[in-house]
Amino acid sequence: MNALVEEGAGIPAAAVMVNASRFRAAHELEWKRLDGIVTRIERRGIGALTENDLLMLPLLYRSALSSLSVARETSLDRALVSYLEALCTRAYFQIYGVPTSFWSQLREFILRGWPQAVRALWRETLVSALLTLAGALAGFLLVMHDPTLFYAIIPDSLAGGRDPSANADALRATLYNKEQHDGLAVFATFLFTHNAQIAIFSFALGFAFAIPTVLLIVYNGLMLGAFLAVFAAKGLALQAGGWLIIHGTTEIFAIIIAGAAGFRIGTAIAFPGRAARTDFAFAVGRKASVAMAGAVVMLILAGLLEGIGRQTVLVDGTRYTIGLTMLVGWLAYFYAPRRADGLADS
Amino acid sequence: MVWPIRRRAPAAPRTLRRSFVTPEGVDLRLELGGAGARAVAFVLDAVMILTILILSTIAISLLVSDGKSEILLILWLIGSFVLRNGWFILFEIGGRGATPGKMLIGLRVVARDGAPLTGGAVIARNAMREIEIFLPLSFLGYQASQDAADAFLAIFALLWSGIFLFFPLMNHDRLRIGDLVGGTWVVRTARTALAADIGATETIARQRRSFSDAALDLYGVYELQTLEEVLRLARPEAIATVAEAVRRKAGIADDGDDMGFLTDYYRALCVRLERGMMLGRRRDNKHAPSLGRQR
């Protein structure tokens, strides 16, 4: 081990020394060198190391670990032991705890992590979709039955004139709105940030045994149904469908998945089964959060479709085509069987 | 384990040291970040985020009059979204495993199982901030904006969400909800310097005091390490008090050099106790049987 670093001044052969002194004299240079390397990685990343340092890092780390073991058994110098503990901990996390690079994580996420995470949530996704549907149906029937209920369901700021008191022409105008052209991109960005925040929120709220997430998802469906009912009452159902579907397939799907991720966490904490609650929570949480991150990506696309696509594409047929193509695309991406999975499973 | 019957979990340790065995088989005895350090790191991050947000808002509102308002507005919207959600995630996903606030305090997020920190874990632990921080904040804001009739409801909601905020104080590992869901914990990785060696370095030439076995049998490891701390801190009044106590117990006359006396005593005691350890006899404190009698 002494060969790792050239030894400094020899040990003075004077009187009896405490073990720590002998030990420090023999290994201090190695520790200092490891300290220097780890500090450089912490400050400027692994790229800051020379090839030689990179090769030495694991050797020096193991040597420091063995120093720590020896020091604990033979030395009573507490400063030495705590120094070595801190040094070894820092080195350990630089060697074992560092994630792969951001770009390879991103690649892994797109190729495998995301669809896998969504597929693992299929039960919750189904429940979430059914809740949205039930909410939408309830909202639709309620507002058809009693238009004043619309005001109870949807806040004024969101309605933007699309309420039961508007006449058919005014409603039609909101569907094929062209005036907003100059603010399109801002509008798209606002929609994205707003929706993405809701997706993250519904995921996090899942922790409270999924109850708030259920409410959020049902309410989302309720608003959807209420909006459609306003247009359907004026005979504009098909047109409103086109207005909604161009981005809705992506956006509502994303919200459903984020809700599903919240359900997964809530149910994992409420019913951990035989596993310990904390162990199960994170095994589930890590995977569900990947699905939620995917939902945020979907919402970026939905925001673009809503803010730009919808305002420039004014033909119902094209709107339906785009919306349904997106839906088929997402379903294929998430649920189509893959060769890579087959290999991984077998 | 059958469901209704749960074995009682072993009593959690009081300190923040946790056993953590590396693949090489050495226990690193990780030191977890305390609640105070964690809170300070968060406040630092929050201050940085708010400062950036406020400065960029001022800058953009000054520039908006130039007619390029649309792009700037988009930048602002995306920027504030990324700041709120991305600050923690992007910094922790990088190799450092720490936000600037944590780096300043000397903290690091690591996976509890010692594996590399995955993106999923970081996203999970930080998405939970929504219910830990922003939910209580929004209830506070709600209460501020409403009249007294709703105050009761708001306070109730605040209490409920306060459970999430103060969750770290309710468990031994100082886990946030986010740590629970992400499978992470926060450890101290502050850089420490190797303190000087009390033992051998100085004054080899100086004649050392020698002590009788009886004088060295007074104390054990615990007292030795306390003495080490006193010597390292080197506060004159503490040195004088300790030197006086040791002299009185050992029946040694005062020679006027407290520091030298204690250093020599420390060295002699250390050598004796270490020799005992080599032979498998460890004397933990002064109440344990002396090394001579353990045979």
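What share of the contacts in chain B with a separation of 6 or more comes from residues 24 or more positions apart?

Hi everyone. This is a predicted model, where local features need pLDDT of at least 70, side-chain atom pairs count only at pLDDT 80 or more, and totals for chains, interfaces and linings use all residues. Residues are numbered from 1 along each chain as its sequence is written, while chains are lettered from A and ligands numbered from 1 in the order in which they are written.

Back to the question. In chain B, residues 24 or more positions apart account for 63% of those contacts; two residues are in contact if their C-beta atoms, placed from the backbone, lie within 7 Å. For chain A, 81% of the contacts between residues at least 6 apart join residues at least 24 apart.

Now the chains themselves. Chain A has 14 helices and 0 strands, and chain B has 11 helices and 4 strands. Both kinds of element are DSSP runs numbered from the N terminus, helices being H or I with at least four residues and strands E with at least two. Of the 346 residues of chain A, 45% are buried, and of the 295 residues of chain B, 29% are. Buried means that 20 or more other C-beta atoms lie within 10 Å of the residue's own, exposed means 12 or fewer, and partly exposed is in between, with C-beta atoms placed from the backbone.

Let's look at helix pairs in chain A. Helix 2 (residues 51–74) and helix 3 (residues 78–95) of chain A pack at about 150°, their axes 9 Å apart. Axes here are lines fitted to C-alpha atoms, for helices over the stretch in contact, and angles run from 0 to 180 degrees between N-to-C directions. Helix 2 and helix 3 of chain A are therefore roughly antiparallel, a label for angles over 145 degrees. Among the residues making that contact are Y61(A) and L68(A) of helix 2 and L84(A) and C88(A) of helix 3 of chain A. By class, the contact of helix 2 with helix 3 of chain A has 14 nonpolar, 1 polar and 2 charged residues. For those classes, Ala, Val, Leu, Ile, Met, Phe, Trp, Tyr, Cys and Pro are nonpolar, Asp, Glu, Lys and Arg are charged, and the others, Gly among them, are polar.

Further along, helix 11 (residues 237–270) and helix 12 (residues 277–312) of chain A pack at about 170° with axes 8 Å apart, which makes helix 11 of chain A roughly antiparallel to helix 12 of chain A. Their contact divides into 22 nonpolar, 6 polar and 5 charged residues.

Over in chain B, please find strand 3. In strand 3 of chain B, 5 of the 5 residues are buried, so the strand is largely enclosed by the rest of the structure. L107(B), V109(B) and A111(B) lie on one side, R108(B) and V110(B) on the other. Strand 3 of chain B runs antiparallel to strand 4 (residues 184–188) of chain B, joined by 5 bridges; strands pair if DSSP finds at least two bridges between them. A111(B) has T184(B) as its bridge partner.

Last stop: where the chains meet. Chain B gives 60 residues to the contact and chain A gives 62. On the side of chain B that touches chain A, helix 2 of chain B brings the largest share, 8 residues. That side of chain B holds 33 nonpolar, 14 polar and 13 charged residues.

Notes
Parallel < 35°, antiparallel > 145°, perpendicular 65-115°, else oblique.
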